[in-house]
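Take a look at the sequence and the 3D structure below. The report that follows walks through a few of the contacts and the packing.

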Amino acid sequence: SDPYVDAYIIDDRVNKVVKQSTNTITKTLNPEWNFMLKMVHSKDLIGFREIRFDVFDRDIIGSNDFLGQCVVSAHQLMTAKPESKDEEGFIDLTLKLEKREESKDDGKIRGTLEVRIRAVQAELPCNPNLPSLSALTTGRTTGRGTGRTNPSSTFRGKSVSLSILVKSATNLLAMDSGGTSDPYATVALIDHNGKQLVKRSSNTIKKTLNPVWDWDVPRIPRSAMNEFEHIQLEIFDHDV
């Protein structure tokens, strides 16, 4: 075969948010790529759930043949015991290649993929959900072959501090008969399942399309800070 690997960083919504590919090793069933996939402080790693490796046989004519898939979850990386890591913090994994869950057309799969992975929680006070992550694919597939590790979970910060200041809005829609609105803002922290963790509302500024709140959002629980995936900001016209 002429194997190569596509490596994906997958988020909570099962989107392929980052993709990188190895070079192709020709005429072998036991390739060694020594390919480094490195992501540092990337916005694409917010909500990181798993790393997926797809192995293919490259064909010059026609579509490439699928050789197998394996998955490493964020949960496994974050709960790895210190003794399972080397002195540089890498975890060595031998993953069984398996069929794709969404495909019914994959033929017989066999083989393993050897990877070294290091995940480090970044210390970023302004954006605490951004991790650093690097993966080294050393390869060695012994034929055709998704090994799924522990149940997936999001790669999240251990403890964060969050301050939100809602300043102003401009050129809002006029919702009242006098050609103005009575706008107020709400801020909500939402987790990766779409659940609202906490919600706060500003005061109402009457009869304006350009409100200035200068509102320091109060009383955000520590638990919500540690679990949120994104901040949802909405503006409403207050009706009596």
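## Contacts and cores

The side chains of Gln69 and Asp54 make a polar contact at 3.0 Å. This comes from a predicted model. Gln69 belongs to strand 5, which covers residues 65–73. Is Gln69 buried or exposed? Its relative accessible area is 3%. The cut-off for buried is under 20%, so Gln69 counts as buried.

Now turn to the rings. There are 3 aromatic pairs. Two of them are set out here.

| Pair | Type | Centre to centre | Angle between planes |
|---|---|---|---|
| Tyr4 and Phe56 | stacked | 5.7 Å | 20 degrees |
| Tyr184 and Phe236 | stacked | 5.6 Å | 25 degrees |

Where do the partners of each pair lie in the chain? Tyr4 sits in strand 1 (residues 3–11), and Phe56 sits in strand 4 (residues 48–57). The two are 52 residues apart in sequence, so their pair ties together separate parts of the chain. Tyr184 is in strand 11 (residues 183–190), while Phe236 is in strand 14 (residues 230–237). This pair also links distant parts of the chain, 52 residues apart.

Burial comes next. Tyr4 and Phe56 are both buried. Phe236 is partly exposed, with a relative accessible area of 34%. That value lies between the limits of 20% and 50%, which is why Phe236 gets this label.

Ring pairs also join Tyr4, Phe56 and Phe66 into a cluster. Two rings of this cluster have an arginine over them. The charged end of Arg58 sits over the ring of Tyr4, 4.0 Å from its centre. Arg100 lies over the face of Phe66, at 3.8 Å from the ring centre.

The nonpolar cores complete the picture. Which residues touch the most other members of the largest core? They are Phe53 and Leu113, in a core of 28 residues. Strand 4 provides the largest share, with 5 residues. A second core is separate and holds 15 residues. Its members include Leu162, Ala185, Leu189 and Val198. In soluble globular proteins, nonpolar side chains tend to be buried together.

Terms used
Residues are numbered from 1 along each chain as its sequence is written. This is a predicted model: local features need pLDDT of at least 70, side-chain atom pairs count only at pLDDT 80 or more; totals for chains, interfaces and linings use all residues. Side-chain values use heavy atoms; hydrogens and water are left out. Helices (H or I, at least four residues) and strands (E, at least two) are DSSP runs, numbered from the N terminus. Buried means under 20% relative accessible area, exposed over 50%, partly exposed in between (1.4 Å probe, protein chains only). A polar contact is a pair of N or O atoms within 3.5 Å; within protein, one must be able to donate a hydrogen and the other to accept it, and residues adjacent in sequence count only if both atoms are side-chain atoms. Rings of Phe, Tyr and Trp (its six-membered ring) pair if their centres lie within 6.5 Å; planes under 30 degrees apart count as stacked, over 60 as edge-to-face and the rest as tilted. A charge sits over a ring if NZ of Lys or CZ of Arg is within 6 Å of the ring centre and within 35 degrees of the ring normal. A nonpolar core is a set of buried Ala, Val, Leu, Ile, Met, Phe, Trp, Tyr and Cys residues joined through side-chain atoms within 4.5 Å.
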